[in-house]
Structures are given as structure tokens and as C-alpha cells.
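Subject: Structure handover

Hello,

Here is the structure I said I would pass on. My notes on it follow below.

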Amino acid sequence: MSEPNDGTPVVGADRLRQAMARFPTGVTITTTLDKAGEPQGFTAGSLVSVSLDPPLISVCVAYGANCYQAFADCDSFAVSVLRHDQGELARTFASKGADKFAADGLTTSAGGLPVVEGAVVALECDVHGRHAAGDHVILVGLVRAVDLADGDQLLFADRLFSRLSRS
């Protein structure tokens, strides 16, 4: 257990992971292009609407992620909110060893960024800010384009994928 500056104990990482697993969240894949123009990306449930005016969202990328440097350097990124049947793609993008962009189901957005084909939402963003937060960086994006598609969303809770059905 670690302690904040005032010496008060805080909860450990395993306990927090257990607690947060009980909070259902949508599943996203965040992507960008690195300096060499190669696609990079990761799976996250940390998508947050920050502001409507201006239109800002945020995602969190771990310092330890293989793609961290690409997101530390990029000027733009995309966030795809996954459809209920895209769980396998989410698993691929959550792993460190996989060739993530060899998978089927990816396409290029109008702005030239990699996005998930058939995602229920695809957001294209310019980087508005980066903020250090523990072992992650909060990446704030100014939303430049939104693509919407029909379909049920993929949810994640208790370490399992499930379907949010509109019916």
C-alpha cells in the first residue's frame, strides 16, 4: 500500500482493480499514426466526455503501453466505440504481443486515421492536451468528426464482455 503526501494510506492496485471491474464500461479502441506513419492503438474503457463547448473527450494511455510514445507525439487520434460482436478485436488491441493491425475489421477514417470498421461511434480528434496522472497520461482530444452507426454496444464488467441491447 502506498501513501499520499499527508501519510494517509491508500488502497493497493489489486484492490482498486477488483473494485473498478464491477463498474460496467463501454469498450473502445484508440488509434493514431506514429512518426513513421505506422498505425498504433490500444483498448480502453476510459472514454470520457469532458466538454460540449468546445467538444472535448479524454482517454487514458499507460506509460507502459507499447504504443505510448506514438500517443505522446501525435497531433491527432481516433476513438472507436465497439459494437457488441467486436470483443475479439478488443482483446487483440489489449494485448502487448499481437500484431494488432493485421486483424480484420479496420479501415481508414476520412481524416486518414485507423478506425474500427462498423464501430457504433468513431471520433476523430486533434490533441487538445496531455496531463500526467499516476501511471497514465490523460489525452484530451478536440473532436473534429463523429461517425455514428447502428448496433448494440460492447460492455465490459467483472472481466467479461457483454452486450448492451437497445430492445
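How many bridges join E4 to E5? There are 4, and the two strands run antiparallel. One of the bridges has Ser 51 with Leu 56 in E5 as its partner. Strands here are DSSP runs (E, at least two residues) and helices are DSSP runs too (H or I, at least four residues), both numbered from the N terminus. Two strands pair if DSSP finds at least two bridges between them.

A word on the source: this is a predicted model, in which local features need pLDDT of at least 70 and side-chain atom pairs count only at pLDDT 80 or more, while totals for chains, interfaces and linings use all residues. Residues are numbered from 1 along each chain as its sequence is written, and side-chain values use heavy atoms, with hydrogens and water left out.

The sheets

E4 and E5 belong to an open sheet of 7 strands, with the order E3-E2-E6-E9-E10-E5-E4 and antiparallel pairing. Its edges are strand E3 (39-44) and strand E4 (48-52); each has a single partner strand, so one side of each has no neighbour in the sheet. On average, neighbouring strands of this sheet are turned by 35° against each other, direction ignored. For such angles, axes are lines fitted to C-alpha atoms (for helices over the stretch in contact), and the angles run from 0 to 180 degrees between N-to-C directions.

Helix H3 (residues 87-94) packs on this sheet and touches strand E2 (28-33) and E3. The direction of H3 makes about 110° with that of E3. Contact means heavy atoms within 4.5 Å.

Another open sheet has 3 strands in the order E1-E11-E12, again with antiparallel pairing. Strand E1 (25-26) and strand E12 (160-164) are at its edges with a single partner strand each, so one side of each is left without a neighbour in the sheet. Strand E11 (residues 153-157) is joined to E12 by 5 bridges, and Leu 154 stands opposite Arg 163 in E12.

Single residues

Ser 58 lies in strand E5 (residues 55-62). Its relative accessibility is 8%, so Ser 58 counts as buried. The cut-offs are under 20% relative accessible area for buried, over 50% for exposed, and partly exposed in between (1.4 Å probe, protein chains only). Not counting residues up to four places away in sequence, Ser 58 touches several residues, among them Ser 46, Val 48 and Ile 138.

Leu 89 is in helix H3 and is buried, at 10% relative accessible area. Beyond its neighbours within four places in sequence, its contacts include Ile 29, Thr 43, Leu 106 and Val 116. Leu 89 and Thr 43 are 46 residues apart along the chain, and their C-alpha atoms are separated by 8.8 Å.

Aromatic pairs

The whole structure has 3 aromatic pairs. Rings of Phe, Tyr and Trp (its six-membered ring) pair if their centres lie within 6.5 Å; planes under 30 degrees apart count as stacked, over 60 as edge-to-face and the rest as tilted.

Phe 42 and Phe 71 form an edge-to-face pair, 5.1 Å centre to centre with 80° between the planes. Phe 42 is in strand E3 and Phe 71 in helix H2 (residues 68-73), so the pair ties together parts 29 residues apart in sequence. Both residues, Phe 42 and Phe 71, are buried.

Phe 93 and Phe 101 have ring centres 5.1 Å apart and planes at 85°, so this pair is edge-to-face. Phe 93 is buried at 1% relative accessibility, whereas Phe 101 is partly exposed at 24% relative accessible area.

Regards
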